[in-house]
Amino acid sequence: QSGFALVGTLLLMALIGMLTLSATALIQYSNAQISVSCDLSRSFYAAESAVNRTIMALYRDIRMHPDRKLGQTDYAMTGTERYLADSVVHEYTIDDRLLRTWITDANSGIDVSSHAPEQNLREAFREIIGNDANAQEEFEYFLDKVTDYIDSDDFVGTRGMESMHYRLQGIPALPRNGALQFREELLSIPDAKKYLHLDETGLLSMIRVIPPDELRKTAGRMNLYAAPLALVRAGARMNDEESEEFKSALRQWRIDRKRLSDTLDPALYSRLSGAFSMHETGIYVIGADSAMIDYPGRRLSVMLRIDSLGPVLEFYEFRVY
């Protein structure tokens, strides 16, 4: 008669309604999460399939065309698809999904696999750092840290760091006090990120991959079609205008397959040819991208050596991101 039962009933109904809405929202969220996870799993297998197809196509191309000089192929005249380490984009349709793959040479960056990587870093960054005395001094301090990271003693360089300095920063397991085992180690050295930047795909392509034990090492000059723009600019001593010209020409080559020799100024092309390699080393990096506008996707980066004398594949690196 006082209405307490009605109030209690209304409160119970409101509580039940809130629980129902929460359960519905949770189910919808879980369904969306499962859908995204399934899409990512499907995209990974599709990307892996595209990489495997590209590996076999590359192997056939190597057997049929032993001359592996890059940038000379006129794709409009050949009539058939060629597979070289020239960063040209190849497309596949797998499970109604458009996938893009590309091949580059493993000699994409600075070699730090030796027992004196600071020398190669100094040489490669000479043009990037420029003539600013303060910038040169700061970079030398960073190289002191690199030296202390790999040497076997506990003597501290001018501005270097040994184990006690890392412990003060809460990093108890560094330095390695030995040769680098993988390139990303450099990023654990303080100030490294001021100079070493990830590329647009999220990889540290400025540094050459360090081969696992007992696998063939990469050697020689950086490959023009694989080297990051900053290193190409420094190696060929390009100004801002030439750098933009090269960037545009490389994009036209990758997508529209217009040769650099046809789109670049002859003098600039000659400088680039003299400073960088245009031949394959036999060790390749195959990238694949399965992302689409309406669907999430995975990217793969696979580094391997292909033996043209037999179906031998040696895998150096397999990345999913």
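View 1. The model is predicted: local features need pLDDT of at least 70, side-chain atom pairs count only at pLDDT 80 or more, and totals for chains, interfaces and linings use all residues. Residues are numbered from 1 along each chain as its sequence is written, and side-chain values use heavy atoms, with hydrogens and water left out. Strands (E, at least two residues) and helices (H or I, at least four) are DSSP runs, numbered from the N terminus. Five bridges link β1 (residues 90-94) and β2 (residues 97-105) in the antiparallel sense; two strands pair if DSSP finds at least two bridges between them. The hairpin of β1 and β2 has two residues between the strands, and D95 there takes a positive phi near 55°.

**View 2. An open sheet is formed by five strands in the order β1-β2-β3-β4-β5.** The pairing in this sheet is antiparallel. Its edge strands, β1 and β5 (312-320), each pair on one side only. On average, neighbouring strands of the sheet are turned by 25° against each other, direction ignored. Strands of a sheet pair through backbone hydrogen bonds, either parallel or antiparallel.

**View 3. Strand β3 (residues 283-289) is joined to β2 by six bridges.** These two strands run antiparallel, and T104 has V285 in β3 as its bridge partner. Seven bridges join β3 to strand β4 (residues 299-307), again in the antiparallel sense. In β4, R299 is the bridge partner of D289.

**View 4. Helix α7 (residues 229-236) and helix α8 (residues 240-256) have axes that come within 11 Å and cross at roughly 130°.** That makes α7 oblique to α8. Axes are lines fitted to C-alpha atoms, for helices over the stretch in contact, and angles run from 0 to 180 degrees between N-to-C directions. Angles under 35 degrees count as roughly parallel, over 145 as roughly antiparallel, 65 to 115 as roughly perpendicular and the rest as oblique. L229, V232 and R233 in α7 meet D240, S243, F246 and K247 in α8, where contact means heavy atoms within 4.5 Å.

**View 5. L40 lies in helix α1 (residues 4-64).** Apart from its neighbours within four places in sequence, L40 is in contact with P296, G297 and R298. The C-alpha atoms of L40 and L309 are separated by 37 Å, and these residues are 269 residues apart along the chain.
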